[in-house]
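Let's take a guided walk through a protein chain together. Keep the sequence and the 3D view side by side as you read.

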Amino acid sequence: MTGRSLTDHDVDLEAYALGLLDPEEAVVVAQHLEACALCRNELHRIEETLGWLGTAVRPVEPPPTLRNRVLAEADPGDRRRWRLAWAWGGLAAAALLLLGVLLLAVTRLERRLDEFASQQERIAAVLARADWSTVVQGEGAGFPPEVGRIYVDRGGRDGLLVLGGLERPEAGRVYQVWLLRADGSRVDAGVFLPDRAGSALLLIEAPDDWTRYRGMGITVEPGPQGSTEPTGQRVAGCSWDWSAWARS
């Protein structure tokens with residue numbers, strides 16, 4: 001069973017690593033990092049890259065007497081040129097660091113665009129095959145009566161869960177989707193976090209055809225990977241009776 005959230009990792013880790021985010025945005029990213037091992041690993045990689053850029057040229061400590069000797073032998077004009085040379089050297093180092101950051105950001109953006117295009121193609125394919133959908137009802141306190149829909153191909157195993165109006169769970173917690181079998185057992189269908197607008201998309205790959213399941217539930221579980229079985233409050237879900245939608 002796998003589930004892939006399309007909004008879990010929509011955070012600007014480069015800007016976060018450089019301290020360029022607004023305080024409110026930084027708090028959101030920090031909360032996401034607490035629950036997301038994938039983004040923590042990515043942030044570590046970015047910080048390593050930035051650290052490498054800062055030490056790309058190994059500094060050499062000059063002898064203590066060098067600066068005084070140079071200044072003593074130089075006339076005032078030479079001293080000004082010497083100071084300008086040091087200033088330009090600092091600017092060149094800053095430009096090198098900025099270039100590296102920009103290249104890193106462009107590479108990450110290209111990868112995101114490729115992933116986004118692949119996800120959009122898969123969403124379109126799932127929706128094209130879907131021949132049934134139903135409303136997902138909010139059940140937790142503060143949740144709207146309807147929080148989204150699930151689209152499935154009854155003869156297949158792919159599904160798309162479209163959600164909105166969700167509150168972000170507490171730090172270190174995630175939403176986890178469960179498919180309900182006829183015998184009452186539950187199957188993990190993936191974890192997710194909503195975006196800032198409270199929306200989320202989750203592509204679901206069920207281990208069996210959808211006709212083997214009679215419903216779906218969403219609970220709040222410890223992050224980032226969720227639980228092996230439901231332990232938290234159920235906040236949303238739906239049920240269905242396939243006999244009422246027999247194929248014609």
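Which residues touch the most other members of the largest nonpolar core?

## Before we start

This is a predicted model, in which local features need pLDDT of at least 70 and side-chain atom pairs count only at pLDDT 80 or more, while totals for chains, interfaces and linings use all residues. Residues are numbered from 1 along each chain as its sequence is written, and side-chain values use heavy atoms, with hydrogens and water left out.

## The overall plan

The chain has 5 helices and 9 strands. Here helices (H or I, at least four residues) and strands (E, at least two) are DSSP runs, numbered from the N terminus. Read from that end, the order is β-α-α-α-α-α-β-β-β-β-β-β-β-β.

Of the 248 residues in the chain, 34% are buried. Buried means under 20% relative accessible area, exposed means over 50%, and partly exposed lies in between (1.4 Å probe, protein chains only). The chain exposes about 14700 Å², and carbon and sulfur atoms supply 56% of that area; such areas come from the Shrake-Rupley method with a 1.4 Å probe, and for residues only the protein chains shown count as cover.

## The largest core

Back to our question: Leu 161, Trp 210, Met 216 and Ile 218 touch the most other members of this 29-residue core. A nonpolar core is a set of buried Ala, Val, Leu, Ile, Met, Phe, Trp, Tyr and Cys residues joined through side-chain atoms within 4.5 Å. The elements giving two or more residues to it include β2 (132-138), β3 (146-152) and β8 (213-222), and β8 gives the most, with 4 residues. In soluble globular proteins, nonpolar side chains tend to be buried together.

Leaving out residues up to four places away in sequence, Met 216 touches Val 136, Ile 150, Leu 161 and Trp 240, among others. Contact here means heavy atoms within 4.5 Å.

## A second core

A separate core of 7 residues includes Leu 13, Val 29, Leu 33 and Leu 43. Leu 43 lies in helix α3 (residues 37-54) and counts as buried because its relative accessibility is 10%.

Which residues does Leu 43 contact, leaving aside its neighbours within four places in sequence? They are Leu 13, Tyr 16, Ala 17 and Leu 33. Leu 43 and Ala 17 are 26 residues apart in sequence, and 7.1 Å separates them in space, C-alpha to C-alpha.

## Strands side by side

Two strands pair if DSSP finds at least two bridges between them. β2 and β3 run antiparallel and are joined by 6 bridges, with Thr 134 standing opposite Ile 150 in β3. β2 also pairs with β9 in the antiparallel sense, over 2 bridges; there, Gln 137 stands opposite Gly 237.

## Rings that meet

The whole structure holds 4 aromatic pairs. Rings of Phe, Tyr and Trp (its six-membered ring) pair if their centres lie within 6.5 Å; planes under 30 degrees apart count as stacked, over 60 as edge-to-face and the rest as tilted. Trp 132 and Trp 240 form an edge-to-face pair, 5.2 Å centre to centre with 70° between the planes. This pair links distant parts of the chain, 108 residues apart: Trp 132 sits in strand β2 and Trp 240 in the segment after β9.

Why is the pair of Trp 210 and Tyr 213 edge-to-face? Their ring centres are 6.1 Å apart and their planes stand at 65°, so the pair is edge-to-face. Trp 210 counts as buried because its relative accessibility is 0%.
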